[in-house]
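I opened the notebook to look up a loop residue, a strand and a helix. My entries follow.

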Protein chains: 2
Amino acid sequence: MISKEEISDKYQELQRAICLSLENEDGVARFKEDRWERPEGGGGISRIIEDGKLIEKGGVNFSSVYGATPDKIKQSFGYDATEFYATGLSIVLHPNNPFVPIIHMNIRYFEMNDGNWWFGGGIDLTPHYIDRSDASFFHSSLKEVCDQHHESFYIRFKKWADDYFFIKHRKETRGIGGIFFDRLNRDGGKDALFNFSLDVGKSFIPMYTKISRKNKAVPFTEKERKWQLIRRGRYAEFNLVLDRGTKFGLETNGRIESILMSLPPLASWKYNHSPEKNSPEYETIKLLRKDIDWINMH
Amino acid sequence: MISKEEISDKYQELQRAICLSLENEDGVARFKEDRWERPEGGGGISRIIEDGKLIEKGGVNFSSVYGATPDKIKQSFGYDATEFYATGLSIVLHPNNPFVPIIHMNIRYFEMNDGNWWFGGGIDLTPHYIDRSDASFFHSSLKEVCDQHHESFYIRFKKWADDYFFIKHRKETRGIGGIFFDRLNRDGGKDALFNFSLDVGKSFIPMYTKISRKNKAVPFTEKERKWQLIRRGRYAEFNLVLDRGTKFGLETNGRIESILMSLPPLASWKYNHSPEKNSPEYETIKLLRKDIDWINMH
């Protein structure tokens, strides 16, 4: 059975591979690297790219932390084990072009010294203009990854993403969803679930490369840029008000700059903004809801 | 003894007076007005100004809501009364010029049908470049208003503001504080506390007029604009992660656009931004802490 150190090594390897690919795709900007230590045990490698040609701001963060279980973790998970170990890889990319979606990917593994362990993670896409063929491609790709591991995964984790990435106070989803899973500890055992999490992580580059290449050179105007900034405001609202990982990080004195790398380089809030009826922005808003069958919608 | 309707009327009168003064000061933009109703009882008048000469975005919101006490209110306040009444006036202004501070003012009255009632509110200032004489003037003015009502008010409510407007995860205050008070129901009785809250509200215009007139024509560069956007990001963090009023509004299905009018028109997040040593931005950061005696610091 795979050990926590091996899981962590594989996630870190994937971080390197993803950063290389993204630098290639961007063509201009390079990742900056910050290595940080957690005083109570472990640490991480934050890799940030800013002011690129494709990517306005993005982070690809690896961490592996351990030690005495903080009370907040005991409360959150309802376990009383004295020692914990957590490792994960987290990505958020804010592209320049409003026609390229924001993307988020995360895979993580958690273990306690009483024998409890689980995997979590997911990928979700936040387009500001929904291209139905991109949406279908994105969800089909996720389904393909899921189907290789369990026939129930895509349908379960797609629904989970719909429910999780929902901005309650706006009554809209963050984007077109994707997959989300947490506390997985059955479904074939540790090795199988690790392989699933790694396959999710590995699917990130080919999927995002295809979608960003298709859209990154589409010309845009000030109007579309403004819409992007408003939608990024909603992204910030989700992350600061609702995202469990962010809240958990802020409450447990995590490394702030790594946690908040997900926030947009520039965002805007207009009072009571609502797009003109039948405009492309309006069509997007109409699709920001749960339970859409993206694969078969076009 | 003053009735809840009279309190509400006076707050609404003050809303009109403040909006008139602000339009005068701005010289270009006008307030838009939205009247909204709360399905369960009461409603409000949101007045928003955008793209002005002085004010990039601002809201002056009045509300008066009542009805069966929502469970969330019962839990928050630990009262079990079946009916509640709440009225208040809330202001946030985001000026264009980075040398003019963001200002926030709020006064509110809450009453339940078991006889419990209280006042809350405050004013606080968020400069991006701290001008010590402005800071001293601001705090002296607040002390003057407080001293007219109770000799302990300024010192108590100044400390309360320091503690409340503290961005825990950044270990910095939102700005230079001001005064904050909540659940006031002794200190001279209802009429006296109402008069105090109204005096706080009335002090807003002369104070902000003086500070904004002094700074609104100061020339600024792209560098100072960028710094303003970063500091506005911190403002958004405070409001979305920590502000009790915002959280309460989001959780109780309040009118979203009125609650979130406090968010900046444009904000930015740079990874790990830290100003150059001894720069004006650096000097500002150094002063974003609690327990500074602003009145006597210059």
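Leaving aside neighbours within four places in sequence, which residues is Ser268(B) in contact with? I noted first that this is a predicted model. I then found Pro265(A) and Leu266(A) from chain A, and Leu229(B), Ile230(B) and Gly233(B) from chain B. Ser268(B) sits in the loop between helix H8 (256-259) and helix H9 (280-286) of chain B. I call Ser268(B) buried because 22 other C-beta atoms lie within 10 Å, and the cut-off is 20 or more. I also checked Lys57(B), 211 residues apart from Ser268(B) along the chain; their C-alpha atoms are separated by 16 Å.

Next, strand E5 (residues 102-112) of chain A. I counted 11 of its 11 residues as buried. Both faces are covered: Phe110(A) is among the buried residues on one side, and Tyr109(A) among those on the other. Side chains in a regular strand alternate between the two faces of the sheet.

I looked up the partners of E5(A). Strand E4 (residues 83-95) of chain A pairs with E5(A) in the antiparallel sense over 10 bridges. Ile91(A) stands opposite Met105(A). Six residues separate the two strands in a hairpin. E5(A) also runs antiparallel to strand E6 (residues 117-126) of chain A, joined by 10 bridges. There, Trp117(A) is the bridge partner of Glu111(A). This hairpin has four residues between its strands, and Gly115(A) in the turn has a positive phi of about 100 degrees.

Last, helix H3 (residues 132-147) of chain B. Its buried residues include Phe138(B), Leu142(B) and Cys146(B). The buried residues fall within an arc of 125 degrees, so they line one face of H3(B). On the other side, Arg132(B), Ser133(B), Glu144(B) and Asp147(B) are exposed.

Notes:
Residues are numbered from 1 along each chain as its sequence is written. Chains are lettered from A and ligands numbered from 1 in the order in which they are written. This is a predicted model: local features need pLDDT of at least 70, side-chain atom pairs count only at pLDDT 80 or more; totals for chains, interfaces and linings use all residues. A residue is buried if 20 or more other C-beta atoms lie within 10 Å of its own, exposed if 12 or fewer, and partly exposed in between; C-beta atoms are placed from the backbone. The arc is that of the directions from the helix axis to the C-beta atoms. Two residues are in contact if their C-beta atoms, placed from the backbone, lie within 7 Å. Two strands pair if DSSP finds at least two bridges between them.
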